Amino acid sequence: MKKGVLLVNLGSPDSPTPEDVKPYLSEFLMDERVIDVPLWARTLIVKGIILNTRPKASAEAYKKIWWDEGSPLIVISERLQKKIQKLTDLPVALGMRYGSMTIKKGLQELVDKGVEEVFLMPLYPQFAMATTETILVLAEELRKEHFPNLKITDLKAFYNREDYIDVLSNSIARHLKDNPYEQLLFSYHGVPERHIRKRDITKSHCKIDKSCCITPSPAHEFCYRHQCLEVTRLVAEKLNLAPGTYSSSFQSRLGFDPWLQPPTDLTIERFGKQGVKKMAVVTPAFVSDCLETLEEIAMEGEEIFHETGGKEFTTVPCLNDDDEFVALLANWINDWARSETATA
């Protein structure tokens, strides 16, 4: 069977205009794994409220971070795909969960090249309903409807793989080498607490307290909170970070339901008010810089820090198309190809 690879990232509007942002937000927020409420309620929230108020503000935010080549997330993902392609003999395609660069187009590109078995690689280190799961579900729906003879194997969450932690730690150390800090904040994209409980396969472990994420459990395979906190722990261990000099938080809250705590914006504010003058932020839930890192953290976060007394605010770039990260993904691809061949 001829093998191929599909990298999948979040996606982006085609342009930073309300006209293009609105359908993108609609597709994103109407996903039942993003806003996981009954359809009637989701429709009311998204189409009745959010899409009548948010596209203009979101478009302005996108304009702040838009590159001449286009959406940073798309451009970076394309660079990543091209670099990986140079390190593997398998055809490598790129798709997005939302927007015009669809997963269907990516699968079709591979099928047109004769691919019969796809290694699907969601570009998310941690598992979450609203990221990895929605990609896997859609890919399987597309396979059944349009590509029934295609075999799809997916990359599992890689948050705790030693080689990934090495690459992430090296990147953080390199970017902070000449930027001393008093506090290093690991900021992860937030999710509602109910998402954690919904994916608790034990139906009892996830209390979302100070103990459940550090108590071994089968639930951790699908626990986004545990996987985020584990990244922080492993990187801190790898870099020998002193206790009290680093912490974790969760950004991008939406709505009024309880979300994972503590919030990134309030954490940055707290450090500023406590007299921290030099702060750095890394965002390990993302592998590609995007609106949430370039605008929410690098712009809004820095503004909050300065307004509360902070002086130096450093943001660590995502892994993007870092050569070590490219080599890591290429190694995983080639290992998969060899293992599949060996078992064929």
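I take a disulfide as a pair of cysteine sulfur atoms within 2.5 Å. The structure holds 0 disulfides. Cys223 is in no disulfide either, and its nearest cysteine sulfur, that of Cys213, is 4.3 Å away.

This is a predicted model, in which local features need pLDDT of at least 70 and side-chain atom pairs count only at pLDDT 80 or more, while totals for chains, interfaces and linings use all residues. Residues are numbered from 1 along each chain as its sequence is written, and side-chain values use heavy atoms, with hydrogens and water left out.

I then checked burial (buried is under 20% relative accessible area, exposed over 50%, partly exposed in between; 1.4 Å probe, protein chains only). Cys206 is buried at a relative accessible area of 8%. Cys223 is buried too, at 2%.

**Gln183**

I located Gln183 in strand β5 (residues 183-189); helices (H or I, at least four residues) and strands (E, at least two) are DSSP runs, numbered from the N terminus. Gln183 counts as buried, with 10% relative accessibility. I found its side chain 2.6 Å from the backbone oxygen of Gly244. Leaving out residues up to four places away in sequence, I list among the residues it touches Gly244, Tyr246, Phe271, Val276 and Met279; contact means heavy atoms within 4.5 Å.

**Cores**

I searched for nonpolar cores, each a set of buried Ala, Val, Leu, Ile, Met, Phe, Trp, Tyr and Cys residues joined through side-chain atoms within 4.5 Å. The largest has 94 residues, and those with the most contacts inside it are Leu6, Met121, Ile172 and Tyr224. Helix α11 (residues 323-343) gives the largest share of this core, 8 residues. The core lies between domain 1 (3-156 + 322-339) and domain 2 (162-315), because both give residues to it; the domain bounds come from an automatic or database assignment. I noted a second, separate core of 9 residues, including Ile268, Val276, Ile297 and Phe313.

**Helix α10**

I found that α10 (residues 291-307) bends by about 30° at Gly301; the bend is the angle between axes fitted to the seven residues ending there and the seven starting there. Its buried residues include Leu291, Ile297, Gly301 and Phe305. Among the elements covering the buried residues are α2 (39-65), β5 and α9 (264-273). After α10 comes Gly309, with a positive phi near 110°.

Methods. A polar contact is a pair of N or O atoms within 3.5 Å; within protein, one must be able to donate a hydrogen and the other to accept it, and residues adjacent in sequence count only if both atoms are side-chain atoms.
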